[in-house]
Amino acid sequence: MTRHIPRKRFGQNFLVDETVIADIMAAIAPQPGDMTVEIGPGLGALTRPLIAQLRHLHVIEIDRDIVSRLKQDFPAPCLTIHEGDALKFDFAELGGDLRVVGNLPYNISTPILFHLAQSAHCIRDIHVMLQREVVERMVAAPSSSDYGRLSVMLQYRFDLEKVLDVPATAFRPAPQVESAVVRLLPLRRATEETCDEDLLGKIVMSAFSQRRKTLRNTLKAYFHAGDFAALGLDSGMRAQDLSVKDFVRMTNYAALRNASC
Ligand code: SAM
């Protein structure tokens, strides 16, 4: 078969470092019966060791040429190939205890994470490789410079842990940026710790829209001085000073007040 020319538009940086591949496998620790789906199998760097340990693997791949290669390299029944866009894939369709893995195309990493968050209820865990800078933002704690909308929205849904730093030299072609593998474990929150996620998203987006401005400025469409007082929050704080719990409390307060208007 001819050599595959990596396609930039599909974020094709293929993993070639066997040590890194082994480290990722150790982090995932696949067990034979695990219902697992890999996003973007590419030339099979993770697919091959995954199949060696699993009875069956689902993969989602957008590149038609790569799909043809996969069909030759991994004959059914060990692999089910879903040809198409992972952003449109219904992960819930695969069942209720799904393991998601992938070396994600960096150009769609944030939308894929938000898409997976919508299916968190049917996911056991997620191990994905991303741009390191994105992983730092995902796991960031309040009051740090990396803490922002991505941290709050993902930490609302998941327990997050960076498990591995990966240098650019581990890929062909080498990307311009460093990478990292992150583990996401869906949180089963008690009802009082949940809120209307659409409203949470809007409040978080407004709060972080101008990081240097205070809450009284960025959130004036949602909260007045009396509201901040009722919530026990100083309106002179900035978004990065609020915990995920604070954002959830504010969202529930706003939803209740809107309902009683
Ligand atoms: N897993 C392989 C590896 O580690 O070497 C390939 C990783 S490469 C960074 C990303 C892969 O995702 C490519 O195979 C690319 O074609 C595929 N891809 C890109 N956009 C996609 C999308 N929207 N849905 C599904 N697969 C996609």
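This is a predicted model: local features need pLDDT of at least 70, side-chain atom pairs count only at pLDDT 80 or more; totals for chains, interfaces and linings use all residues.
Trainee: How many helices and strands does the protein chain have, and what share of its residues is buried?

Mentor: The chain is made up in part of ten helices and nine strands, and its C-alpha atoms fill a box of roughly 70 × 35 × 30 Å along the principal axes. It has 261 residues, and the share of them that counts as buried is 48%.

Trainee: Among contacts between residues at least 6 apart in sequence, what percentage join residues at least 24 apart?

Mentor: The question concerns contacts in the protein chain whose partners are at least 6 apart in sequence. Within that set, the part that joins residues at least 24 apart is 64%.

Trainee: How many aromatic pairs are found in the whole structure, and how is the one between Tyr147 and Phe208 arranged?

Mentor: A search of the whole structure finds six aromatic pairs. In the one formed by Tyr147 and Phe208, the ring centres are 6.0 Å apart and the planes stand at 75°. The cut-off for this arrangement is an angle over 60 degrees, and the pair is therefore edge-to-face.

Trainee: Where in the chain do Tyr147 and Phe208 lie, and how many residues apart are they?

Mentor: Tyr147 belongs to the loop between α5 and α6, whereas Phe208 belongs to the loop between α7 and α8. Both Tyr147 and Phe208 are buried.

Trainee: What arrangement do the rings of Tyr222 and Phe223 have?

Mentor: The centres of these two rings are 6.4 Å apart. Because their planes meet at 40°, the pair of Tyr222 and Phe223 is described as tilted.

Trainee: Are Tyr222 and Phe223 buried or exposed?

Mentor: The relative accessible area of Tyr222 is 19%, and that of Phe223 is 2%. The limit for this class is under 20%, so Tyr222 and Phe223 both count as buried.

Trainee: Which residues do ring pairs link into a cluster?

Mentor: Tyr222 and Phe223 belong to this cluster. Ring pairs join them with two further residues, Phe228 and Tyr253.

Trainee: Why is α6 largely enclosed by the rest of the structure, and which elements cover its buried residues?

Mentor: The helix α6 is largely enclosed because eight of its nine residues are buried, and among these are Leu150, Met153 and Tyr156. What covers the buried residues includes α4, α5, β7, β9, α7 and α10.

Trainee: In which strand is His127, and with which residues is it in contact?

Mentor: His127 has its place in strand β6, where its relative accessibility of 3% makes it buried. Leaving aside neighbours within four places in sequence, the contacts of His127 are Ala27, Ile28, Arg99, Val100, Val101, Gly102, Val182 and Arg183.

Trainee: How far apart in space are Val16 and Ala174, C-alpha to C-alpha?

Mentor: Val16 lies in the loop between β1 and α1, and at 38% relative accessibility it is partly exposed. Leaving aside its neighbours within four places in sequence, Val16 is in contact with Ala170, Phe171 and Arg172. Val16 and Ala174 are 158 residues apart in sequence, and the C-alpha to C-alpha distance is 9.9 Å.

Methods:
Residues are numbered from 1 along each chain as its sequence is written. Side-chain values use heavy atoms; hydrogens and water are left out. Rings of Phe, Tyr and Trp (its six-membered ring) pair if their centres lie within 6.5 Å; planes under 30 degrees apart count as stacked, over 60 as edge-to-face and the rest as tilted. Helices (H or I, at least four residues) and strands (E, at least two) are DSSP runs, numbered from the N terminus. Buried means under 20% relative accessible area, exposed over 50%, partly exposed in between (1.4 Å probe, protein chains only). Contact means heavy atoms within 4.5 Å.
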